[in-house]
Amino acid sequence: MVDTNGVPSSATAPGDADSTENTASAENTETPRPAASTVPGLVRRAGGAGAPPVRRGNTLLRHLLIAVVIGVVVVIATYQITPFRNYQLATIGAYLCVLPGLILLTGFNGQISLGHGALMACGAYTVALVQDALGGEAQWHLLVSVLSGVATATVLGAVIGVAAARLHGPYLAGATLAVAASVPAVTTTFDGLFGGDAGLSFAMAPAPESLGLYFPFERWQAWLALLGAGVTMLLLTNLVRSRFGRTLRAVRDDEVAASLAGIHVARVQVLAFVVSAAGAGLGGALFAVLAQSVSPGAYGLTLSLNLMLAIVLGGLGGLRGALWGAIVLVALQPLADAATRGFSFSPEVQQRLDGTLPLAVFGLALIVVMTTAPGGIDGLVSRATRRLGQLGRRSPR
Amino acid sequence: MFRTLRRGIAVAAALALAASVAACSEDAPSGNGASVPGVTDSTILIGTHQPLTGRAAAGYSKIASATKAYFEYVNDNGGVHGRKIEYKIVDDAYNPAKTQEVVRQLVLQDKVFAILNGLGTPTHGGVLDFLKTNKVPDLFVSSGSALFNQPEKYPSTFGFNVDYVTEAKVLANYVKKTFPGKKVCFFGQNDDFGQDALKGAETVLGSVAAKQNYVPTNTNVAPQVGALKAAGCQVNMLATITPFTALTIGTAAKLGYRAQWVGSSVGGDFVGLSALLGKAAPLLLEGYVTSGYLPSPLDAANPWTKLFKEVNAEYNGNTTFEVNTLFGMAVGYTFVQALQAAGKDLTREGLMEAVEKGGFEGPSLVPMRYSKDDHSGFSGTQISVIKGGKQSLVDTPYVTDTGDGPVEPYTKGASTPPEKGIPTA
């Protein structure tokens, strides 16, 4: 089972290497928890207090089961909420395709990317162009266009990844930042193809008729986005628990030690970038599906920075942080709006505050989380649940 | 392992059952007798998306608060048919993705009666289909793009600004009369703003001697201005937004290039240009030709300017009164007029029929076009020239169409505001 390169030959098919190894190395494969991160300041979690019980069995099957149960719950939930909440849920779903990959890249592999907005744009523009070419009336058109969006983003990710493997820390951040900043320039330079600043809009088939005549389009969008999120989460949770996941962490913790152990460091870094690029491509494709249009403004530098902020806020220690990050990205603006609605300002102050306040709240939330919970919201929540668990055990029956 | 599996399957089956039960309670749209979204006996809720932050905020963030101030003035004077107007302004930062979200929030969550004056071609262009599907009146879009005048395709969408083709035709007509025999060139933004303006200019002038364009993300226009200079252009027609008008004129001055500049109203705000050009503004802007369809905010004698200035002082915190403030008030006035015309039994269909009937009279220098098969806003503009640090109107307003029609003077003159400054049915 020892591969001289240390990388499973089919790293993108998660779970395959896992089943045979699970019993042997269950302890380090359980909760993905960086002991000491190479990303200083971003992840500094207290070491595991009490290792979780060792579970045996097929990881993929277990995850699949969990995914199905969660999926059913979510589908029920989409029937209970209003179309707008469904749209927000869909947005969370789309972010949940991007953020886990970014956590895999940054939290597990130690590479910083500020260019994932560009990879999302790549997926989104591919969807728009393919939908346009096919006509966009049938459901399979959408499947084809989303898959080709993922494929192009993956290819671009491989190209950037090769460059990224040669760069470290701030240099890598700078290079990927340049990629993110170039999106508007590319779309305006080739405005015949990409529609310049105005972008492209495309036709999309409505929800299948079998779902009913009055099936809300927003619920259908939520289903599509959550399906994407589910698949991404399932594949990535398996991936980080596989042999590849361990090599990722080994490379992050000490490149020299990893290469001495027979791991091809550059290859692992490129693969990590490719995997996260595929996620970003899917997320971008779903964003295009939600808006039925793409434009450079939607995939600018702010998006890339927001993605980074979201995973830091959510927690880089595990893929669960992605869920919190996605929720934060969607919920922060309405929360800030609700907070300000309670006050009444003079027109002049109101004009100043309008729009800028959510940004301030975002910044404030970041500062508070960074200082009080370096492990992000996920760290905070798991600490709280652990406390509750201990309390529950102590209380008399 | 198998126990977990069995338990999991049991849970999943139970949930699936619950889901199928939930699915039965499918929500069909309510019948005809249902109430109109956003309308009660005492209120009308409408919404807008505006760039309050981001790159377009500098010029446009004042529009919506001016509209709101006018509505509050109307509300304090009894409202429309006894209903008070509530105007919900949301920020989309001029980001089309954000527009998607906030417009859905307005329509699905807040249940607004109509969307009013959504700003921007790329931003609003993305929500046309959504608004159409939900049958939401989409009134007075803040753009001159032909995109918002497609009554066949988008029956509920109406533009507000003068469309770019019409305005370019009026400007080109002035150029043809005033600068005969001069070499005329064109410099525009590389989107439908520039394309429409070029089309309008060439309809009147024939092919221009040279054409250049710019992308808003690149702030170096020296190559393009240099090319215009090299081509020997004497009159340059601009389809540029305000920062780029200033940039172009400033760059030309640096290159020692003197020409006659003729700019569209989108980038012709004298106050804004003066602020951008700084100390050299009076010198550089001397002779600059532009046009407009609303009275000047600096013209204290105009009764409309006077009215809106008073509303601004009382209801808008007396912020600086400029073109965008006046524009916002004009939007508010026109909307109140449409509401009055729609009558006491307010429905979405009734409102759109009222707008399609047209015949609106307001602060504008030219009539509005609204009819069953024309959903564009103003029908023409009036030329203004900057002389001695003052911008003054020239001649009479001109009206024309978006096709090959002639550019004709409009001599009926402007209307005066009704007694209380609130339109009646």
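## Helix α13 of chain B

Helix α13 of chain B covers residues 303–315, 13 residues in total, and spans 18 Å from its first C-alpha to its last. This is close to the 18 Å expected at 1.5 Å a residue, where the expected span is 1.5 Å times one less than the number of residues. The model is predicted: local features need pLDDT of at least 70 and side-chain atom pairs count only at pLDDT 80 or more, while totals for chains, interfaces and linings use all residues. Residues are numbered from 1 along each chain as its sequence is written, chains are lettered from A, and side-chain values use heavy atoms, without hydrogens and water. Helices (H or I, at least four residues) and strands (E, at least two) are DSSP runs, numbered from the N terminus.

Which residues of α13(B) are buried? They are B:Trp304, B:Thr305, B:Leu307, B:Phe308, B:Val311, B:Asn312 and B:Tyr315; buried means under 20% relative accessible area, with a 1.4 Å probe and protein chains only. Because they cover an arc of only 160° around the axis, they lie on the same side of α13(B); the arc is that of the directions from the helix axis to the C-beta atoms. An α-helix has 3.6 residues a turn, so residues three or four places apart point the same way.

At the N-terminal end, B:Asn302 caps α13(B), with a side-chain oxygen 2.7 Å from the backbone nitrogen of B:Trp304. After the helix comes B:Gly317, whose phi is positive, near 65°.

## Cysteines

Over all chains, the structure holds 1 disulfide, defined as a pair of cysteine sulfur atoms within 2.5 Å. The disulfide joins B:Cys185 and B:Cys233, with sulfur atoms 2.0 Å apart. B:Cys185 belongs to strand β6 of chain B, and B:Cys233 to the loop between α9 and β8, 48 residues apart. The torsion about the S-S bond of B:Cys185 and B:Cys233 is about -85°, so the disulfide is left-handed. B:Cys185 is buried at 0% relative accessible area, and B:Cys233 is buried at 3%.

In chain A, the sulfur of A:Cys97 is 15 Å from the closest cysteine sulfur, that of A:Cys122, which is too far for a bond. A:Cys97 is buried at 0%, and A:Cys122 is buried at 18%.

## A parallel sheet in chain B

An open sheet of 5 strands in chain B has the order β2-β1-β3-β4-β5, with parallel pairing. Strands pair if DSSP finds at least two bridges between them. Because β2 and β5 each have a single partner strand, one side of each is left without a neighbour in the sheet. Strands β1(B) and β2(B) pair over 8 bridges, and B:Ile85 in β2(B) is the bridge partner of B:Ile44.

Note on methods: Buried < 20%, exposed > 50% of the residue type's maximum accessible area, 1.4 Å probe, protein only. Polar contact = N/O pair within 3.5 Å; in protein donor to acceptor, adjacent residues only side chain to side chain.
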